[in-house]
Amino acid sequence: MASGPPGAHQRGEVVEKLKRWADFAAAALFSVLFLALVVQVVRRFVFDAPAAWTEELAAIAFLWVIFWGAAFTLPLDAHAAVDVIVPRFSPPWRRVLYALGLAGLALCFLWMLPGTADYLAFIVRERTPVLGWPLGIVYSVFLVFAVMVIVRCLAGIARPAGREPPPGA
Amino acid sequence: MSFALWAMLGVFAGIVLLRGPIGLAMIAGGVAYLGASGQDLGLAAEQILNSLLGSFVLIAVPMFIFAANVMNSGTISERIFAFAHALVGRFRGGLAQVNVVASVIFSGMSGSAIADAVGPGMVEIEVMSRDGRYPRAFAVAVSAASATIGPIIPPSIPMLLYALVSGTSVGALFLGGVLPGIVMAAAMMLVIAWVARRRNFPVEAAVPWRELPRILGHSILPLLMPVVLLGGIYSGAFTATEAAAVAALYALALAVFVYRALDWKGLVGILAESTRATAMVGIIICGAFVFNYALAAEQVPARVAEWFAALELGPLGFLVVANLVFLALGCLLDTTCLLLVLVPLLVPVARAVGVDLVHFGVVIVVNMMIGLLTPPYGVLLFVLSGLTGTPVKAIVRELAPFLLALAAVLALLVLAPSLVLGLPRLAGYAP
């Protein structure tokens with residue numbers, strides 16, 4: 001980006017590096033999910049000794065895969081979306097309409113944050129039935145996800161002109 | 001309808017129409033509902049998190065996504081293509097027929113139409129449009145149409161979602177999809193035979209029959225996957241989730257040890273990509289949990305049931321109305337969202353009018369697959385148009401005869417429940 005402000009290049013590099021790490025963490029979480037299920041099958045069929053913890057670990061990993069994945073590896077444009085009305089407008093209007101939708105989204109998620117934090121604080125002493133992990137920590141990834149949705153919406157609204165998502169993406 | 005429910009639908013529709021992400025818009029709508037009805041906003045998180053942690057069957061979804069991604073990364077798509085080519089390449093419009101047969105085979109390993117379209121579907125588009133043998137839009141249309149077989153022949157992600165909301169057996173639904181999937185393939189192959197003759201599409205050099213055992217040998221291991229999967233579920237050895245993990249393990253073993261088509265870096269990429277795809281579906285599932293909480297609190301399911309009861313429909317009438325409604329909604333809404341929010345409203349009605357729930361499930365999933373092909377919101381159109389640079393309009397024009405064929409199959413499935421229920425009954429299914 002030749003027209004970017006000084007430092008934009010380095011900032012881009014940092015973002016790329018962070019993205020790579022987020023992908024790596026996502027791959028690790030997915031591996032935990034997969035391996036927990038593999039261990040479950042092996043224990044049951046090879047050793048005839050099923051364990052309850054594998055199912056719980058898989059369920060927790062599933063939760064983290066969804067919210068970690070949505071928070072750090074899934075750009076807003078990559079979500080399923082309907083492109084019916086916005087493409088009928090001229091590019092400057094498209095930008096405004098898209099930004100309005102994101103603003104509504106960000107407001108709702110912002111509205112949800114205090115209640116969500118209260119809920120997590122409320123269940124902080126509860127533990128998962130088998131592994132005994134604190135539920136407040138297991139569920140905390142949801143709060144991270146909600147915050148990241150707001151950040152991504154704001155970034156989408158502030159996106160420089162000419163970088164709208166391609167229609168029908 | 002209460003003000004809070006209007007607030008939910010208004011916020012959801014507003015964000016979606018402004019091109020916001022569907023799943024996140026559903027969660028936002030749920031927040032608006034809780035706020036407008038004066039409830040604790042922490043309920044959204046509570047509903048989503050507790051429901052996710054308690055739905056073990058949903059964990060099969062990422063496993064099927066992972067298995068399909070592994071298959072697509074290795075040389076498995078090419079092997080299936082070679083086998084299908086040896087079988088039906090010799091007919092007029094042969095490559096288009098190969099496209100359908102390869103989709104049928106791939107369906108036995110993948111539970112997602114999109115995985116079928118971006119994997120074997122793209123391979124076939126490349127081969128078909130090489131040297132301008134077929135018009136590109138026609139090639140894309142065949143890949144899009146045949147990809148809809150993916151979730152009908154087991155495994156199937158949409159059927160898993162249906163099993164979750166209807167309480168029907170995953171095994172019965174999976175078996176129930178086998179014959180309908182084959183009928184869909186046959187219908188499409190008839191369309192291709194007709195179009196090929198009319199437009200004089202090319203014939204491929206026939207692969208000699210004596211070559212067939214060798215080609216079969218090259219593709220026999222991937223072909224065995226459905227046997228492992230269905231055998232495991234039906235013998236009661238695995239739950240659907242465990243079977244999905246075994247399927248993924250099998251695909252991984254093939255790609256890494258047998259075909260040596262996957263290295264460490266490739267594997268990390270596939271895992272990250274599977275996380276992304278899981279998150280995309282997962283967020284819509286989360287949105288559905290919040291929506292369903294609001295709909296239940298407002299007693300919408302009971303009202304829908306009353307409304308249908310007042311129509312005094314028989315089983316056939318109910319199926320016709322339900323299918324027309326979902327065909328219309330399928331043009332506008334996302335399949336996951338429809339399956340998890342609107343289908344549960346009709347399940348008790350179906351039971352009340354005496355429609356078998358496995359029959360209803362398979363018919364509705366076939367209906368939703370047509371929805372993947374119909375504009376303005378047809379995911380397969382978007383994905384393939386994006387990947388091939390073919391305009392959606394051109395694809396839709398070539399799709400028209402296939403859409404008619406699929407609609408005819410849907411009508412046939414509605415009229416002939418035994419086409420769906422025959423195999424599950426043979427395996428001991430009794431509602």
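**Figure 1. Polar contacts between the two domains of chain A.** Five residue pairs, both at pLDDT 80 or more, are in polar contact between domain 1 of chain A and domain 2 of chain A. A polar contact is a pair of N or O atoms within 3.5 Å; within protein, one must be able to donate a hydrogen and the other to accept it, and residues adjacent in sequence count only if both atoms are side-chain atoms. By class, the side of domain 1 of chain A that touches domain 2 of chain A has twelve nonpolar residues, one polar and one charged. Here Ala, Val, Leu, Ile, Met, Phe, Trp, Tyr, Cys and Pro count as nonpolar, Asp, Glu, Lys and Arg as charged, and the others, Gly among them, as polar. Zero salt bridges are counted between these two domains. A salt bridge needs a side-chain nitrogen of Lys or Arg within 4 Å of a carboxyl oxygen of Asp or Glu.

This is a predicted model: local features need pLDDT of at least 70, side-chain atom pairs count only at pLDDT 80 or more, and totals for chains, interfaces and linings use all residues. Residues are numbered from 1 along each chain as its sequence is written, chains are lettered from A and ligands numbered from 1 in the order in which they are written, and side-chain values use heavy atoms, with hydrogens and water left out.

**Figure 2. The domain boundary in chain A.** Domain 1 covers 1–74 and domain 2 covers 79–169, with bounds from an automatic or database domain assignment. In contact are 14 residues of domain 1 and 17 residues of domain 2; contact means heavy atoms within 4.5 Å. About 1,400 Å² is buried between the domains, and carbon and sulfur atoms give 77% of that area. Buried area is the accessible area (1.4 Å probe) that two parts lose on being put together, summed over both.

**Figure 3. Where chain B meets chain A.** The contact takes 62 residues from chain B and 59 residues from chain A. Together the chains bury about 5,500 Å², with 79% on carbon and sulfur atoms. B:Arg19, B:Leu49 and B:Leu53 supply 15% of the area that chain B buries against chain A, more than any other three residues.

Figure 4. Two salt bridges cross between chain B and chain A. A:Asp23 and B:Arg276 form a salt bridge through their side chains (3.5 Å, N to O). Helices H1, H2, H3, H4, H13 and H14 of chain B each supply at least two residues of the side that touches chain A. H14(B) gives the most, with 13 residues. Helices are DSSP runs (H or I, at least four residues), and strands are E runs of at least two; both are numbered from the N terminus.

**Figure 5. A salt bridge within a helix of chain A.** The side chains of A:Glu16 and A:Lys19 meet in a salt bridge (3.8 Å, N to O). Both residues lie in helix H1 (residues 8–45) of chain A, three residues apart, about one turn of the helix.

**Figure 6. Backbone details in loops of chain B.** Most residues other than glycine have a negative phi, and most peptide bonds are trans. The bond from B:Pro154 to B:Pro155 is cis, with omega near -5 degrees. B:Pro155 sits in the loop between helices H8 and H9. Another cis bond joins B:Pro375 and B:Pro376, with omega about 5 degrees. B:Asp131 is not a glycine, yet has a positive phi of about 55 degrees.
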